[in-house]
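Me: I would like to know what each label put on this protein rests on. Please show it to me and then take my questions one at a time.

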Amino acid sequence: MQFPWGHNKRYNDYSSYIRRTFGERVQKVSINAGFTCPNRDGSKGTGGCAFCNNSTFNPSYCGPELSITEQIDKGSSFFRPKYQTQQYLAYFQAYSNTYGETDYLLEQYQQALDHPKVTGIVLGTRPDCISDDLLEHLKEWRKDYYIAIELGAESTSNETLAQINRGHSYEETIEAATKISAAGIPVGMHLILGLPGEDRKQLLQHAVEVSALPINFLKLHQLQIVKGSAFAGIYEENPAHFNLFTAEEFIDLIVDFLELMNPQIVMERFISQAPHDLLIAPRWGLKNFEFVAKVEKRLAERDTWQGRLYKA
């Protein structure tokens, strides 16, 4: 069976998107440029998001004590033995990577783009940290480089966003995604499935809401309780506050979610993996590729696919 995305996989997968875009394998390599967030530095709040310990996002090679060039060299060394000629996307991942003065931000990005193995950049950030000035510059850079922006939306519910100390609204997510798309820059989004207070109906409504946005790709994450986060303290005192999924439950949720998703949106990932020494719960014992294989098997078992129930 041929699906709208041009191959027989039952969802619009990121690896195929990369091959379509670049004509070859291209690997992301993470960068920590030493940025912060507006809900950490006091401009909107302190303490960060309730779920967050940013160490869970950073590979071991990735630290602001190293220059951006050194981080790229160390990160690419993990892949070099197998993929000698591979190109890389410098993924500015830690904290909010569009938060700061435009000239300073551009200097950091340019350091990555000056690396001979880097063919573009991906900027992880918040919806409330996208300035028109920065977008104008990035729009020009798109003529020569691959540029993409990932927005940490986390939820489409303003009530949930307030409870997790996110510091922005879903309306700001819609506005940011629309502006980025209008500038001709590919835009991605992150959602966490399983945040307190969101039942299955609400989680599936997220798929309906984000399917209406002009986004190119989506990352899904199961809620993880990690050491050093505000949620860790709540979990220790009252684990019943959280409805943490088993792996089997989450597989079924992902399949239901995919059925409702706009088939034009690329699914970049279904789960995240916090470092073993930081993860409190849930402990599934599955690597990303193992979970993906189980999702693909369940899609086949149910003879369903991304967008089967999508309504434009």
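Reply: A residue is called buried under 20% relative accessible area, exposed over 50%, and partly exposed in between, with a 1.4 Å probe and only protein chains counted. This is a predicted model, where local features need pLDDT of at least 70 and side-chain atom pairs pLDDT 80 or more, while totals for chains, interfaces and linings use all residues. Residues are numbered from 1 along each chain as its sequence is written, and side-chain values use heavy atoms, without hydrogens or water.

Me: Why is lysine 28 called buried?

Reply: Its relative accessibility is 16%, so lysine 28 counts as buried.

Me: What makes lysine 28 and glutamate 268 a salt bridge?

Reply: The term requires a side-chain nitrogen of Lys or Arg within 4 Å of a carboxyl oxygen of Asp or Glu. The closest N and O atoms of lysine 28 and glutamate 268 are 2.7 Å apart, and the pair qualifies. Glutamate 268 is in strand β8 and lysine 28 in strand β1, so the bridge ties together parts 240 residues apart in sequence. Helices (H or I, at least four residues) and strands (E, at least two) are DSSP runs, numbered from the N terminus. Glutamate 268 has 15% relative accessibility and therefore counts as buried.

Me: How many salt bridges does the structure hold?

Reply: There are 18 salt bridges. One of them joins the side chains of glutamate 248 and arginine 298, with N to O at 2.7 Å. That pair links helix α9 (residues 247-260), which holds glutamate 248, to helix α10 (residues 288-301), which holds arginine 298, across 50 residues.

Me: What do glutamate 248 and arginine 298 count as, buried or exposed or in between?

Reply: Glutamate 248, at 41% relative accessibility, is partly exposed. Arginine 298, at 15%, is buried.

Me: Which residues form the salt-bridge network?

Reply: Arg200, Asp256, Glu259, Arg302 and Arg308 are linked in it. Glutamate 259 and arginine 308 meet at 3.0 Å, N to O. This pair also connects distant parts of the chain, with glutamate 259 in helix α9 and arginine 308 in the segment after α10, 49 residues apart. Glutamate 259 has 6% relative accessibility and so counts as buried, whereas arginine 308 is partly exposed at 40%.

Me: What makes Glu101, Asp103, Glu107, Asp133 and Glu136 a patch?

Reply: Patches are made of residues with over 30% relative accessible area and no salt bridge; like charges are joined within 9 Å, nonpolar side chains (Val, Leu, Ile, Met, Phe, Trp, Tyr) within 5 Å. Glu101, Asp103, Glu107, Asp133 and Glu136 form a negative surface patch by that rule. Helices α3 (102-113) and α4 (132-141) each supply at least two of the patch residues. Glutamate 136 sits in helix α4, and its 49% relative accessibility makes it partly exposed.

Me: How do you know that isoleucine 72 is buried?

Reply: Its relative accessibility is 0%, so isoleucine 72 is counted as buried. Isoleucine 72 belongs to helix α2 (residues 68-77). Beyond its neighbours within four places in sequence, isoleucine 72 is in contact (heavy atoms within 4.5 Å) with Val29, Ile31, Ala90, Ala112, His115 and Val118.

Me: Which residues of helix α1 are buried, and what covers them?

Reply: In α1 (residues 14-22), Tyr14, Ser16, Tyr17 and Ile18 are buried. Their cover includes β1 (26-31), β2 (87-92), β4 (146-154), β6 (217-222) and β8 (266-269). Glycine 23 follows α1, and its phi is positive, near 75°.

Methods. Areas by Shrake-Rupley, 256 points an atom, 1.4 Å probe, with all protein chains shown as cover. Lys, Arg positive; Asp, Glu negative; His and termini not counted. Charge placed at Lys NZ, Arg CZ, Asp CG, Glu CD.
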